[in-house]
Amino acid sequence: MTKEAIITLLVSIKQKAAYLLGIGFGLIAPIQFILLLVGAFIAADTVFGVWAAKKQKKKITSNRFSSFIGKMLVYQTVVIIAYALDINLLGEFLLAIVSIKLLLTKMVAIALIVNECYSIDEKLVNVKGKGIFHYFKQLLGLAKLVKKEAKELTNDEK
C-alpha cells in the first residue's frame, strides 16, 4: 500500500468515524444493559477500594486508579466477545439445549459480577472485619422481623 493510499484511507475513516461509531454501538445495543451492569459493579468495587484505602490510610495513586480503566476495558471486551460468540457460533446450539437467549454472554457477565462481589467482600472484611454475607444475613433477619411484626399487627386487628 502506498503512502497516498494510506492517507486517503485514514482521511476517509476520520470522515466516517461518527457513522462507524454508530454502527458499532448498534451492534452491541442488545447487550447495553449487561455492559452497564458489569461496569456498575466495577465502579462499585473501585469505590469500595478507595474507601478501604482511606480507612487503612493507604496512599491512593493514579497508577492504582488506572487499573480501573484497564479492568473496565478488559471486562467489557470479554462480554462483547462472548456476545459475538453467542450470536455467530453458539447461540443456536445453546438455544437447542436451553431456552435462554444469549446464555454465554449472561454467564460470562455473571462470572465477572461475582468476581467483583468477592473483591468488594474482601475489602469489607479487611476494613470492617465482616463481609457482604454478614450484612446480607442482617438484612434478612430484619426482613423476617418486619414480617413477623406485620403478621402480629394484622392478627391483633382481627
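Author: Two packed helices are described by the angle between their axes and the distance between the axes. In this predicted model, helix 3 and helix 5 pack at about 15 degrees, with axes 9 Å apart. Axes are lines fitted to C-alpha atoms over the stretch in contact, and angles run from 0 to 180 degrees between N-to-C directions. Helices are DSSP runs (H or I, at least four residues), numbered from the N terminus. Helix 3 and helix 5 are therefore roughly parallel (angles under 35 degrees).

Reader: Which hand does the crossing of helix 3 and helix 5 have?

Author: The crossing is left-handed, that is, the near helix is turned anticlockwise from the far one by less than a right angle.

Reader: Which residues of helix 3 are buried?

Author: Buried means under 20% relative accessible area (1.4 Å probe, protein chains only). Among the buried residues of helix 3 are Ile-34, Leu-35, Val-38, Ile-42 and Asp-45. Their cover includes helix 2, helix 4 and helix 5, where contact means heavy atoms within 4.5 Å.

Reader: How do helix 4 and helix 5 cross?

Author: Their axes come within 6 Å and cross at roughly 150 degrees. That makes helix 4 roughly antiparallel to helix 5 (over 145 degrees). The crossing is right-handed, with the near helix turned clockwise. Tyr-75 and Leu-90 of helix 4 and Val-108 and Leu-112 of helix 5 are among the contact residues.

Reader: On what basis are such values given?

Author: Residues are numbered from 1 along each chain as its sequence is written. Local features need pLDDT of at least 70, side-chain atom pairs count only at pLDDT 80 or more, totals for chains, interfaces and linings use all residues, and side-chain values use heavy atoms, leaving out hydrogens and water.

Definitions and conventions
Helix = DSSP H or I, 4+ residues; strand = E, 2+ residues; numbered from the N terminus. Parallel < 35°, antiparallel > 145°, perpendicular 65-115°, else oblique. Buried < 20%, exposed > 50% of the residue type's maximum accessible area, 1.4 Å probe, protein only.
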